[in-house]
Amino acid sequence: MQVRIEDSWKKVLKEEFSKPYFSSLVSFLKEEYSKKTIFPQGKNIFYAFDTCPFDKVKVVILGQDPYHEKGQAHGLAFSVEENIPIPPSLKNIYKEINSDLGFLNLKTGDLTPWAKQGVLLLNATLTVEAHKAGSHQNKGWETFTDSVVEVLSKKKENLVFILWGNYAQRKGRIIDREKHLILSSSHPSPLSAYNGFFGNHHFSQTNAFLEKHNQSPIVW
């Protein structure tokens, strides 16, 4: 397994890659990928970073784990590959966009177009074993993605951080709220979407904030 990441991220995360925990994580992943079915494919582990360079980030949406069924995970939180059925949480995200902004996209669950506009779709854990949700938690990914959130908070200004659910909100505690907009609500999962996700207007609020700070809005 070859670890590679987009150049601007490589620069700001350089110290992270040299830390002992990251070396241990890479060793663990090499072993896992050689013996088991792991998602996403190795080339897509850092797809969120490859499609949304550090210099282009305007919005950060925090997820938890990659999808763990075949053909779903491809390196972007909440996103699935083209022609894969849209998962329930993403369907609810699309419903809220429809309610908030007045249009509905249920054609594809591939969120690459969002990433290319500056939306970093970041899972806390970037890999998972097939059919085993949470199987790569506590192996080092969370430390790495905490450092990603921290470097964004420190080195950039006027970002929008979207935190759905308790897990994302806990991870977001390190964000500087004086410099950035934090939008929080319940998770879009069918189990919690009616407890505050629907009607949160996060998509229109994000665009209003971006426009206020002379940045182009996201075409959701």
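Student: How much space lies in the second largest pocket?

Tutor: The general idea is that rolling a probe the size of a water molecule over the atoms shows where empty space is left. In this model, which is predicted, about 200 Å³ of space lies in the second largest pocket. The elements that give two or more residues to its lining are α1 (7-12), α2 (14-17) and α7 (141-155).

Student: Which element gives the largest share of that lining?

Tutor: Helix α7 does, with 5 residues. The lining includes Ser147, Glu150, Val151, Lys154 and Lys155, together with residues such as Lys11, Leu13 and Glu16.

Student: How do the lining residues of the second largest pocket divide into nonpolar, polar and charged?

Tutor: There are 3 nonpolar, 1 polar and 8 charged residues. Among the residues of the lining are Lys14, Glu15 and Lys19.

Student: Which residues lie nearest the centre of the largest pocket?

Tutor: Of the 25 residues that line this pocket, Gln64, Asp65, Phe78, Asn123 and His187 lie nearest its centre. The lining divides into 13 nonpolar, 11 polar and 1 charged.

Student: Let us turn to a single residue. Where is Ser186 found, and is Ser186 buried or exposed?

Tutor: Ser186 is found in the loop between β6 (181-185) and α9 (202-212). A residue under 20% relative accessible area counts as buried. Ser186 is therefore buried, because its relative accessible area is 15%.

Student: Which backbone nitrogen does the side chain of Ser186 reach?

Tutor: The side chain of Ser186 reaches the backbone nitrogen of Phe197 at 2.8 Å. A polar atom of that side chain also lies 3.0 Å from the backbone oxygen of Ser192. With neighbours within four places in sequence left aside, the contacts of Ser186 include Trp164, Gly165, Ala193 and Asn195.

Student: Asn200 also interests me. Where does Asn200 lie, and is it buried or exposed?

Tutor: Asn200 lies in the loop between β6 and α9. With a relative accessible area of 9%, Asn200 is buried. Its side chain makes a polar contact with the side chain of Ser185 (3.1 Å) and reaches the backbone nitrogen of His202 at 2.9 Å. When neighbours within four places in sequence are set aside, Asn200 is in contact with Glu96, Trp164, Ser185 and Gln205.

Student: Finally, how should I read the backbone angles? Which residue takes a positive phi just after α9?

Tutor: Just after α9, Asn214 takes a positive phi of about 60°. Asn138 has a positive phi of about 60° as well, although it is not a glycine. Asn138 lies in the loop between β4 (128-129) and α7 and is exposed, with a relative accessible area of 69%. His201, in the loop between β6 and α9, has a positive phi near 55°. At 37% relative accessibility, His201 counts as partly exposed.

Student: Which peptide bond is cis?

Tutor: The peptide bond from Phe39 to Pro40 is cis, with omega near -5°. Pro40 has its place in the loop between β1 (38-39) and α4 (47-51).

Note on methods:
Residues numbered from 1 in each chain as written. Predicted model: local features only at pLDDT ≥ 70, side-chain atom pairs only at ≥ 80, totals over all residues. Heavy atoms only, no water. Helix = DSSP H or I, 4+ residues; strand = E, 2+ residues; numbered from the N terminus. Buried < 20%, exposed > 50% of the residue type's maximum accessible area, 1.4 Å probe, protein only. Polar contact = N/O pair within 3.5 Å; in protein donor to acceptor, adjacent residues only side chain to side chain. Contact = heavy atoms within 4.5 Å. 1 Å grid on protein atoms, 1.4 Å probe; cavity = no way out; pocket = protein on both sides within 12 Å on 5 of 7 lines; lining within 4 Å. Nonpolar A, V, L, I, M, F, W, Y, C, P; charged D, E, K, R; others polar. Points joined across faces, edges and corners; volume = space filled by probe spheres on them.
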